[in-house]
Every structure is written in structure tokens, then in C-alpha cells.
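Reader: I am new to this structure and would like a friendly tour. Could you show it to me, and then take my questions one by one?

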Amino acid sequence: MSTGPADDWRIFRGDGVQRTAAMPPAPPWRRFRTPSRAPAPLPYLISPEHADVVNAALHLRRPLLVTGPAGTGKSSLARAVAHELNLGELLRWPVNSRSSVQDALYQYDAIGRLRETTLSRDRDEPEPSIGSFIRLGPLGTALVPAGRPRALLVDEMDKGDVDLPNDLLTVFEEGVFEIPELIRLPQEIAVVDVLTADDAVVPVERGHVHCTEFPVVVITSNGERDFPPAFLRRCIRLDLPVPDEKRLRAIVRAHLGDDALREVDDLLQAFLRRRAPGELATDQLLNAVFLRVGGVDLDADGLLDAVLHRLTGSI
């Protein structure tokens, strides 16, 4: 590593001496704020032909199924659409092997209701509303009737159970779901207020939630599984390729400014050499450029290997 002022980048020195070190500014893509103070999303670069596919999904009110290798901007596309169309905070459903459509629609805390109801009776107080124990999930929140649609990211669908795509067919086709716990209520309780995934309170009538505008749904997949034809028929397909050298330079400029391009040539070539066998992600290149601009010597002691590490194979 270099010596002198450039050594100031070292926060942790590994010498066991306790210090109160000032944390340096984070990269733009790693800065967090509360929702009320959230900064504008970072620039999202997309080709006109790919943007046209997004527009086709918007016009047809169909989910957009976005495929492509890791790091091609699949999830970021959903945030860019939500921001550009002013659709409010993006609703996100990260799919894993335990994910179910039921949980994504709503969750009912029956045990919590029983406990609170018992306590209220013991105190001779009114029983809490059942709506206090029902919370809509990201998919259920996206289907709440409103004048403008919400944007929903269904992230990494191929990590879910094999039946998950088929379980979504009715919801995507009809834009409606039921909450049986509310349907069973007496006739005089026609409307119940419930919580949404983003902590709003919305009324639900007779236990039915039916969208008036189909949400903007972006589904991402890493191509690890084939989806059933019935599911694919209801989606518009967009395959994002890995960015070429020209687009990588544009991405660096958009995120780190024109000055960063002066530091990018050798890092870009190293990235392109490693990407084919190792399937590197674009944000790894941004990480390397960010460190280089900050004065870090990436050529020393395998640091570049740690930043541009392979995303596939054994570690």
C-alpha cells in the first residue's frame, strides 16, 4: 500500500489500539435515510429498446418479468420506475424458499388478538378491533384500491417454491383477494380498518380487497428455474444483458461523476477480463472505482481480488 496522506483511508489498522476514528463518506449507493428524508434514487441507465418493453407492460397492465445475470440492474429497475412515475414508496417482496402468496397478501395475529381480548375483558375495557391484528403484506398492499397504482418488486422469484408462480395466477389475473377472518364477521361490521405493509391504515369492506388500478409489478429472476407457461403468458418478458464497456463507463459517470472516469481504464479492463468466467456484478466495478478515487492502492496485496471477487463457484 502507498504511504503518506493516502494512508488516511485506513480506519481499521489491526494493531489492537483503540481509537475514535471518523467514518468517511459512504458511496452514494450505500447511504441510508429515513423514508421522510430519503434521497432521490441514483441514476438508472436503460436502453430505449428495453424502456419500450417496460412501457408495453405498463400499457397492458401486466407484470414485467426481468431476467439477467446478477448485477445487471433488475431490482434497480423497479425503483427507477416507481420514482419516475411518482408511484410512492416501492413495495418489496423478497422471495425465498419459505415464501407464500398468503403471507405476501396479509398476516393475521390470532394469538395476539386472543391475548389482548382477554386482557381487555379482565380490565372491563372495549375489545380491540380485529383490524389491529391484520397487516397486509407487500402484495396485499399493492392491491389496495387507489387512484394511482402502487409499484411492487417481487425479487428473485426463482428462489421460491416451485408452486409459487401458479399460486399467483389468480391474483395477477383478477387483482383481488379475500381475508376470511373479516368475511366471517357479523353483518353490522361491514368495514374494518387494517394496517398496510408501509404502516398506513386502509378500510376493507366485507373482507375483500380489489384493486382499481393493477399495480406496476416487476418480477426479477436470475434464470435458475423455468416458470410454467400459464405464468409466463401473463407476464411481459425483459432480458437485461450485461453492460458493455461503453455502458459501464456511462454507469461510472452517472454514479461517481466525470472525474472518476480518469481512474477507470485499468480497473475497467480488469473487470472485463474477469467477468466472463466469474460473472462479476456492475456494482463491484463501482466499488473498485470508488476506492481508487479515494486514494486506495488497489494493486497491493490482493485488494483488487477481494473487491472483484467471483460470484459463482466455490469460495
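Reader: Leaving aside neighbours within four places in sequence, which residues is histidine 208 in contact with?

Author: Happy to start there, with a word on the ground rules. Residues are numbered from 1 along each chain as its sequence is written. With contact meaning heavy atoms within 4.5 Å, the partners of histidine 208 are Phe177, Glu178 and Ile183.

Reader: Is histidine 208 buried, partly exposed or exposed?

Author: Histidine 208 belongs to strand β9 (residues 208-210); helices (H or I, at least four residues) and strands (E, at least two) are DSSP runs, numbered from the N terminus. Buried means under 20% relative accessible area, exposed over 50%, and partly exposed in between (1.4 Å probe, protein chains only). Because its relative accessibility is 37%, histidine 208 is partly exposed.

Reader: How many helices and strands does the protein have, and what is its average pLDDT?

Author: The secondary structure comes to 13 helices and 11 strands. pLDDT is the predictor's confidence in each residue, from 0 to 100. In this protein 92% of the residues score at least 70, and the average is 87.

Reader: Where does pLDDT stay under 50?

Author: Where pLDDT is low, the predicted coordinates should not be read in detail. The stretch in question has 9 contacts beyond four places in sequence in the model, and it covers residues 1-5.

Reader: Which residues have the most contacts inside the largest nonpolar core?

Author: A nonpolar core is a set of buried Ala, Val, Leu, Ile, Met, Phe, Trp, Tyr and Cys residues joined through side-chain atoms within 4.5 Å. The largest one here has 39 residues, and those with the most contacts inside it are Trp93, Leu139, Leu182 and Ile219.

Reader: What does leucine 139 touch, not counting residues up to four places away in sequence?

Author: Leucine 139 is one of the residues with the most contacts inside the largest core. Its partners are Trp93, Val101, Ala104, Leu105, Leu152, Leu168, Val171 and Phe172.

Reader: Which residues does the second, separate core include?

Author: This core has 21 residues. Among them are Val252, Val296, Val307 and Leu308.

Reader: Are helices α10 and α12 parallel or oblique to each other?

Author: Axes are lines fitted to C-alpha atoms, for helices over the stretch in contact, and angles run from 0 to 180 degrees between N-to-C directions. The axes of α10 (residues 245-256) and α12 (residues 282-293) come within 10 Å and cross at roughly 55°. Angles under 35 degrees count as roughly parallel, over 145 as roughly antiparallel, 65 to 115 as roughly perpendicular and the rest as oblique. Therefore α10 and α12 are oblique.

Reader: Which residues of α12 do those of α10 meet?

Author: On the α10 side, the residues involved are Leu248, Ile251, Val252, His255 and Leu256. Their partners in α12 are Thr282, Leu285, Leu286, Val289 and Phe290.

Reader: Is alanine 288 buried or exposed?

Author: Alanine 288 sits in helix α12. It touches Leu267, Leu298, Leu304, Val307 and Leu308, not counting residues up to four places away in sequence. Because its relative accessibility is 0%, alanine 288 is buried.

Reader: What is the phi of arginine 61?

Author: Most residues other than glycine have a negative phi. Arginine 61 lies in the loop between α1 (48-60) and β1 (64-67), and is partly exposed at 43% relative accessibility. Its phi is positive, near 55°.

Reader: And what is the phi of glutamate 156?

Author: Glutamate 156 is placed in the loop between β5 (151-155) and α6 (164-167). Its relative accessible area of 26% makes it partly exposed. Although glutamate 156 is not a glycine, its phi is positive, at about 60°.

Reader: Is valine 201 buried or exposed?

Author: Valine 201 is in strand β8 (residues 201-205). Leaving aside neighbours within four places in sequence, its contacts are Asp193, Val194 and Leu195. With a relative accessible area of 55%, valine 201 is exposed.

Conventions:
Predicted model: local features only at pLDDT ≥ 70, side-chain atom pairs only at ≥ 80, totals over all residues. Heavy atoms only, no water.
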